[in-house]
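Dear colleague,

Please find below the structure that I am handing over to you.

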Amino acid sequence: MDLLAARGQMAMSLGFHILFAVAGIAMPVLMAVAEWRHLKTGDAMYLELAKRWARGTAILFAVGAVSGTVLSFELGLLWPTFMRHAGPIIGMPFSLEGFAFFLEAIFIGIYLYGWNRMRPRLHLWAGVVVALCGALSGIFVVAVNAWMNAPTGFTLVDGQLTDIHPLQVFASPAFPSQALHMTFAAYAAIGFLAAGIHAWALLRTPGSRFHTLALGIALGMAVVAVPLQLFTGDLAGKHIAEFQPVKLAAAERHFETRADAPITAFGLVEIPYGLSMLAYNDPHAVVRGLEDFPESDWPPITIVHVAFEIMVGCGSAMFGVVLWVIFRVVRKKKVAASRPLLWACVFAAPLGMIAIEAGWTVTEVGRQPWIIHGVMRTAEAVTPMPGLIVPFLTFSILYLVLGVIVVVLLRAHVFAAGDLG
Amino acid sequence: MNATEFVYLTMGVALVVYALSAGADFGAGVWDLLSRTVEQRKALEKAIAPIWEANHVWLIFIIVVMFTAFPKAFALLSIAFHVPLTFVLIGIVLRGAAFVFRSYGLVAEGTRARFGRVFAWASALTPICLGWVLGGMSSGAIVVRGEVVESGYLAGWTTPYAMAVGGFALVLFALLAAVYMTVETDGEVREWFRQRAIACELLAAPVALVTYLLAPAALVAGGIPAQALTAGAACVTVAALWRRRFAVARAAVIAQVALIVIDFGLAMRGDFVLGVVGVANSGTQAPTLPLLIAITLGGSVLLVPSMIALYRQFKSAESPSPSRPS
């Protein structure tokens, strides 16, 4: 019961934080691009856009910073045994992340409050540093998670991690694919979220120049990031086939070990050889099924499977919208002039965030029952503290309230821009 | 000094900087709560808005260094002080969120005031809980056998001594904020902060005495000389405030609070939980520490100039500073 509450609290804290962390990675890119356009063209509308996105960034970054603080403490409050053993290894990426985050916090202060205090070029560079440090902090934190999925850099002796090589964290085979997949996910999700919001505004005030410019930058980011996600997703699939076969088997609900394994897309269409291709780039490759592993090592299959389908479904839908956008741009037609496409952007707005939540569910729930894959079980790591349901509920309510307030505030913030013409 | 001690010392330095910077941001919440006029509140908001998030990161830095270098101590602290640390976290979330929610002119005046209350109360209560944790760590009441915390989840931080440390932390943070504000304001607002700063300093003396009397016998540090030095700094602060030498007062109060934190650190004698776990018995394996030190030193090369740039931009005397982002 306490284990379940601890897992619930961790999942909820991560699920909440990731939305804001992603904003902290990708929003600075939007604001910096808008400011760069302003400096390039002298168009005051871009400046206004940069300032508005900067204010949105400020709110999301602050909530991300405090919810991230909660997580760094929760590592110990909920999983002291895990930290006791893993701390000296995962502390390495975490301390690098600490500095990246430090610089991000410093330069976001300089950026937000320095509009009239420094040369415009320098101010833009402050924004670039914020964007860069945001991406770096994300990558360092993902390195920790990758290590939990495919641990490296130690020798396991009697359940103790000995002969530690902390830099080997970055040699975790899960690291490259996870880092790329998460970083582009951030740009794709925020691109779509911002595009959806401004598309909605354009539907209400057709022809608004402000929202047209905003839509252009946001979709620009999505158009770059979403297609890249196909490759990084494929990379991640190949990785888990090799190093975390149980996770892949659970994600695909693949029970029987077999060659020529097909894939069932969205629970409907069966694609022959699909799974063998996805896992090994070879239609005849043997894909290990759950039957190969003791049931005590299975993750909760339904959750992982459904989450995986949701992630892939959202990604596919976003890719569809991106193709539509490219199609219009190639034919030199204005994206903002197509009401159906604007509606598509509105409906696609939350898909990236949903895909991120689902993707984290796949990687985290898919690793269960392990907290460090093959090394330490989650049940061994949990705190002896009783009554964990209390903090779980407390933080859930707290985050629910904060989430609602953020949505209300940003709504007011964005639509205050509606009268800008 | 070996690598373990160096890392412990680094954490101490970070704790001093955290107390002097983020501590004052917490203290600003106390004055927000007690403020009478809009000008006072606006001045407080202007003072902390650009810097509070950067100041806050020192805490995360301390935590990360701790679980990297002293994982056993981190695990034990997380278990023994689960309850007050949870309070601290709730406070940090509430004040940070409420502060940005009320900034940027996004909400109506009434809602703004309500967020302001949340920010102020959370800022005032969090240092007390932080003080409970520090008090608990130094209480000598934590009993550990093997890796099991046998003294339970209420030991240490619920002692009268820990309560006193909570109160002392609050008074010191409020004092820091009030003194800093005298440098960054003028006219009636400055006078208001000046009077509060003096009152705070006068209050700090008996609270410090009570804390000292309640402290466990095992907790001895610099003794009379250190205390005399601290008291001297406090006297200079009061005198400088009295004579309206605000920059001097700020330097003196920084020295005073730094001395208190340093004295506390020395009294802990390399422990995280007094007499239970510390540098001597919780350091990690070899390659981690040199790497951590290298990262810390390398990171500082970027961090220190950036931090100076931030403070120069928003805290230098000659900048008349428009109050909020345009």
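The notes that follow treat each chain, the core, the contact between the chains, and a few individual elements.

Please bear in mind throughout that this is a predicted model.

The two chains

Chain A contains 13 helices and 6 strands. Its radius of gyration is 22 Å, close to the 22 Å that the globule rule gives for 421 residues, so chain A is as compact as a globular protein of that length. The C-alpha trace of chain A spans about 65 × 50 × 35 Å along its principal axes. Of the 421 residues in chain A, 57% are buried. Among the contacts in chain A with a separation of 6 or more, 77% are between residues 24 or more positions apart.

Chain B has 12 helices and 4 strands. For its 326 residues the globule rule gives 20 Å, and the radius of gyration of chain B is close to this at 20 Å, so this chain too is as compact as a globular protein of its length. Its C-alpha trace spans about 60 × 40 × 35 Å along the principal axes. Buried residues account for 54% of the 326 residues in chain B. Of the contacts in chain B between residues at least 6 apart in sequence, 79% join residues at least 24 apart.

The nonpolar core

The largest nonpolar core has 282 residues, and those touching the most other members are A:Val22, A:Leu30, A:Ala189, B:Leu175, B:Leu176 and B:Ala177. Within chain A, the element that gives the most to this core is helix H3 (residues 80-113), with 21 residues. As for B:Leu176, its contacts beyond four places in sequence are B:Leu20, B:Gly23, B:Ala24, B:Gly27, B:Val253 and B:Val257.

The contact between the chains

In this model, 58 residues of chain A are in contact with 55 residues of chain B. On the side of chain A that touches chain B, the elements giving two or more residues are helix H2 (44-78), H3 and helix H13 (389-415) of chain A. H3(A) supplies the largest share of that side, 24 residues. By class, the side of chain A that touches chain B comprises 39 nonpolar, 16 polar and 3 charged residues.

Individual elements

Helix H2 of chain B (residues 38-48) has B:Gln40, B:Arg41, B:Ala43, B:Leu44, B:Ala47 and B:Ile48 as buried residues. Viewed down the axis of H2(B), the buried residues fall within an arc of 160°, so they line one face of the helix. They pack against helix H1 (3-34), helix H3 (52-69), helix H6 (109-137), helix H7 (160-184) and helix H8 (187-214) of chain B.

In chain A, helix H11 (residues 351-365) is mostly covered, with 14 of its 15 residues buried. At 1.5 Å a residue, those 15 residues should span 21 Å, and the end C-alpha atoms of H11(A) are 20 Å apart, which agrees.

A:Leu71 lies in helix H2 of chain A. It has 19 C-beta neighbours inside 10 Å and therefore counts as partly exposed. Leaving aside residues up to four places away in sequence, A:Leu71 touches A:Ser13, A:Leu14 and A:His17. A:Leu71 and A:Ala412 are 341 residues apart in sequence, and their C-alpha atoms are 29 Å apart in space.

Yours sincerely

Technical notes:
Residues numbered from 1 in each chain as written. Chains lettered and ligands numbered in written order. Predicted model: local features only at pLDDT ≥ 70, side-chain atom pairs only at ≥ 80, totals over all residues. Rg over C-alpha atoms; globule rule 2.2 N^0.38 Å. Buried ≥ 20, exposed ≤ 12 C-beta atoms within 10 Å, placed from the backbone. Contact = placed C-beta atoms within 7 Å. Core = buried A, V, L, I, M, F, W, Y, C linked by C-beta atoms within 7 Å. Nonpolar A, V, L, I, M, F, W, Y, C, P; charged D, E, K, R; others polar. Arc of directions from axis to C-beta. Expected span 1.5 Å × (residues − 1).
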